[in-house]
Amino acid sequence: MKKIITAIFTLCFMNSVQATEVAVIDFRAALLASNIGQEAAKEPKQKVAEMDARLKKEQADLELLAKDLKRDELTLSEGEFKKRRQALAEHDNKVRAMAANMQRQAKALEQKLIQSLTPQGEAALKSLIEERKLDLVLNRQLSLYADADADLTDELVKRINKDN
């Protein structure tokens, strides 16, 4: 009797799983790949590029200071060597702090961009869900495996572009 009940339960469960329409979407990637996302990202990308250029210049200056110190190491007095080494360490800390700050700023710019685009993306996603009669939509990064036909990211990009 126990086996029959288990078999019936298993059959019912299999039928319910087969009836579920599932899709995966990379919502963030869809927003950024859409026309409105590309347009809205121009200014943040420019700011990030400017920050990156400043960081690279500071890193190049740091490398030059390190090379100069290494070159002059044997000719400097012990006090002067320690003083320049300390200045080099301070400059290194400044560059590291600058890099961390720039990463935070870039992440904040991206989050602000995503938040501004989310309403259009959600509207397009909602219409796609209704059209396809989807029961479940998962974030692509959260799924271990998804068939290529289940990934609707490109279709969402097209829908966002069409709606705007």
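Colleague: How many salt bridges does a search of the whole structure find?

Modeller: The general idea is to look for a side-chain nitrogen of Lys or Arg within 4 Å of a carboxyl oxygen of Asp or Glu. In this predicted model, searching the whole structure gives 15 salt bridges.

Colleague: What separates K57 and D61 in helix 4?

Modeller: K57 and D61 form a salt bridge whose closest N and O atoms are 3.1 Å apart. The two are separated by about one helical turn, because they stand four residues apart in helix 4, which covers residues 42-72. D61 counts as partly exposed, because its relative accessibility is 29%.

Colleague: Which parts of the chain does the pair of R84 and D72 link?

Modeller: R84 forms a salt bridge with D72, and the closest N and O atoms are 3.3 Å apart. This pair links distant parts of the chain, with R84 in helix 5 and D72 in helix 4, twelve residues apart.

Colleague: Is D72 buried or exposed?

Modeller: The reasoning needs a cut-off: buried means under 20% relative accessible area. D72 has 16%, so D72 is buried. R84, at 25% relative accessibility, is therefore counted as partly exposed. Both residues also belong to a network of salt bridges that links D68, R71, D72 and R84.

Colleague: How should I read the packing of helix 5 and helix 6?

Modeller: One reads the angle, the axis separation and the handedness together. Helix 5 (residues 78-132) packs with helix 6 (residues 153-163) at an angle of about 115°, and their axes are 9 Å apart. The crossing of these two helices is right-handed. On helix 5, the contact is made by Q120, G121, A124, L125, S127, L128, E131 and R132; helix 6 contributes E155, L156, R159, I160 and D163.

Colleague: Which residue forms a salt bridge with E131?

Modeller: E131 forms a salt bridge with R159, with the closest N and O atoms 2.9 Å apart. Because E131 lies in helix 5 and R159 in helix 6, the pair ties together parts that are 28 residues apart in sequence. R159 has a relative accessible area of 10%, so R159 is buried.

Methods:
Residues are numbered from 1 along each chain as its sequence is written. This is a predicted model: local features need pLDDT of at least 70, side-chain atom pairs count only at pLDDT 80 or more; totals for chains, interfaces and linings use all residues. Side-chain values use heavy atoms; hydrogens and water are left out. Axes are lines fitted to C-alpha atoms, for helices over the stretch in contact, and angles run from 0 to 180 degrees between N-to-C directions. A crossing is left-handed if the near helix is turned anticlockwise from the far one by less than a right angle, and right-handed if clockwise. Contact means heavy atoms within 4.5 Å. Buried means under 20% relative accessible area, exposed over 50%, partly exposed in between (1.4 Å probe, protein chains only).
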